[in-house]
Amino acid sequence: LNTPTAGGQVQRPPKQWVIAVDCPSGLDLDTGAADAYTLTADDSITFFAAKPGHLTGAGVSKVGQVHVAPLDLPESIRIDKRTAISLLDNEAMRDLLPDRPLDGHKGTFGKLAVLGGSDAMPGAAGLSARAAYRAGAGWVAVATTPQATHALQTHLLEAVWWPAVPDAERLADLDALIVGPGLGDGAHAAEVLRTALASARPLVIDASGLTAWAALPDRPTLPPDAILTPHPGEMATLLGQTTAEVQADRIGAAQRGAQAWGCVVVLKGAHTVIAAPNGKTALSPFKTDALAKAGTGDVLAGVIGALRAAGLPAYDAARLGVYLHGLSGVIAAEQAGHAVGVLASGVADAIPLAWSRLSRG
């Protein structure tokens with residue numbers, strides 16, 4: 001109870017620190033479903049490996065910080081990491097970092113274009129391009145409207161500016177394309193998406209690009225190395241489900257989409273899910289409200305696009321991009337003093353620090 005003191009001030013009782021062993025009672029570790037009376041822990045100590053329920057559903061908000069006690073189990077009963085759902089970690093992600101030869105040039109590190117932005121949402125394409133440069137891309141073009149170009153040019157000095165619907169000759173020389181950030185809806189978005197699909201370039205499809213693909217009457221087949229980066233609402237539209245249904249089975253939703261569409265799916269949210277068409281699935285270890293800001297999804301698309309342009313396979317680029325993005329959010333919160341003040345541009349600017357921290361182990 002809040003008890004008034006003689007001076008009229010409210011004296012609050014000390015907070016009780018709650019530690020759960022394996023998980024808070026009432027939480028289903030297979031699904032993340034929680035009973036209405038499930039305790040909310042500050043820390044959960046589980047054994048050998050994190051479980052799906054720690055990372056999905058209501059479990060995300062119930063377990064607090066998860067700590068894994070390895071138990072030193074014998075090799076005969078250890079999880080086969082080739083087939084199990086994996087949790088991204090520093091060691092595995094460090095091995096995916098692309099080489100940065102000292103004699104390289106801008107072409108060495110990848111040429112990329114962002115097809116997005118609109119008069120109403122110019123910043124989205126700018127954030128993707130900024131993040132792509134911060135994640136190592138050697139050359140980035142932004143294809144957007146004249147008004148969006150004017151709004152962004154003084155904020156992004158390194159970019160090349162193209163018409164909103166670039167011709168095939170421009171696209172043919174690229175290593176990857178990002179389609180959708182801030183693109184808007186309607187016929188223009190559909191035209192841009194069809195142009196990108198016809199280019200036969202590695203694609204990262206985000207935001208309005210996903211909406212445009214879902215709305216196309218023929219919904220054309222995507223190239224097998226495409227990467228889709230939906231948030232739960234967009235995923236629900238693509239699957240013909242409700243957002244609540246997607247959130248209730250995030251791993252299953254991502255896996256179903258990846259297998260049905262033959263591409264890599266990055267289902268954004270706390271503990272982002274990355275699923276490949278062959279069934280391989282990984283989860284991000286990060287959950288932070290620093291990423292709960294408009295524009296952070298555009299930053300993620302930029303990071304993944306840069307890694308695809310650098311030559312990483314689609315599943316590896318998606319995994320490493322998600323990890324760097326999550327770590328950048330944590331670093332940006334450290335720099336700002338609290339996650340509450342983090343902006344998407346701050347997450348983008350923290351990417352080199354995340355890269356450095358990851359490479360140092």
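Author: Let's start with who lines the second largest pocket: H12 has the largest share, 4 residues. (Helices are DSSP runs of H or I with at least four residues, numbered from the N terminus; strands are runs of E with at least two.) Helix H9 (232-239), helix H12 (296-309) and helix H13 (314-336) each give at least two residues to that lining. By the way, this is a predicted model, where local features need pLDDT of at least 70 and side-chain atom pairs count only at pLDDT 80 or more, while totals for chains, interfaces and linings use all residues. Residues are numbered from 1 along each chain as its sequence is written, and side-chain values use heavy atoms, with hydrogens and water left out.

The second largest pocket holds about 520 Å³ of space. Its lining has 31 residues, and the closest to the centre are Lys-268, Leu-291, Thr-296, Gly-297 and His-325. A pocket here is an open set of points on a 1 Å grid over the protein atoms alone, where a 1.4 Å probe fits, with protein on both sides within 12 Å along at least five of seven lines; lining residues have an atom within 4 Å of a point. The volume is the space filled by probe spheres set on the points, which are joined across faces, edges and corners.

By class, that lining has 11 nonpolar, 13 polar and 7 charged residues. Nonpolar covers Ala, Val, Leu, Ile, Met, Phe, Trp, Tyr, Cys and Pro, charged covers Asp, Glu, Lys and Arg, and the others, Gly among them, are polar.

Ala-306 is buried, with a relative accessible area of 1%; buried means under 20%, exposed over 50%, and partly exposed in between, using a 1.4 Å probe and protein chains only. Leaving aside neighbours within four places in sequence, Ala-306 is in contact (heavy atoms within 4.5 Å) with Leu-112, Ala-132, Ala-135 and Ala-137.

What about the largest nonpolar core? Of its 59 residues, Ile-274, Val-299 and Leu-320 touch the most other members. H13 gives the most to this core, with 12 residues. Such a core is a set of buried Ala, Val, Leu, Ile, Met, Phe, Trp, Tyr and Cys residues joined through side-chain atoms within 4.5 Å. Not counting residues up to four places away in sequence, Val-299 touches Leu-127, Ala-131, His-325, Ala-344, Val-347, Ala-348 and Ile-351.
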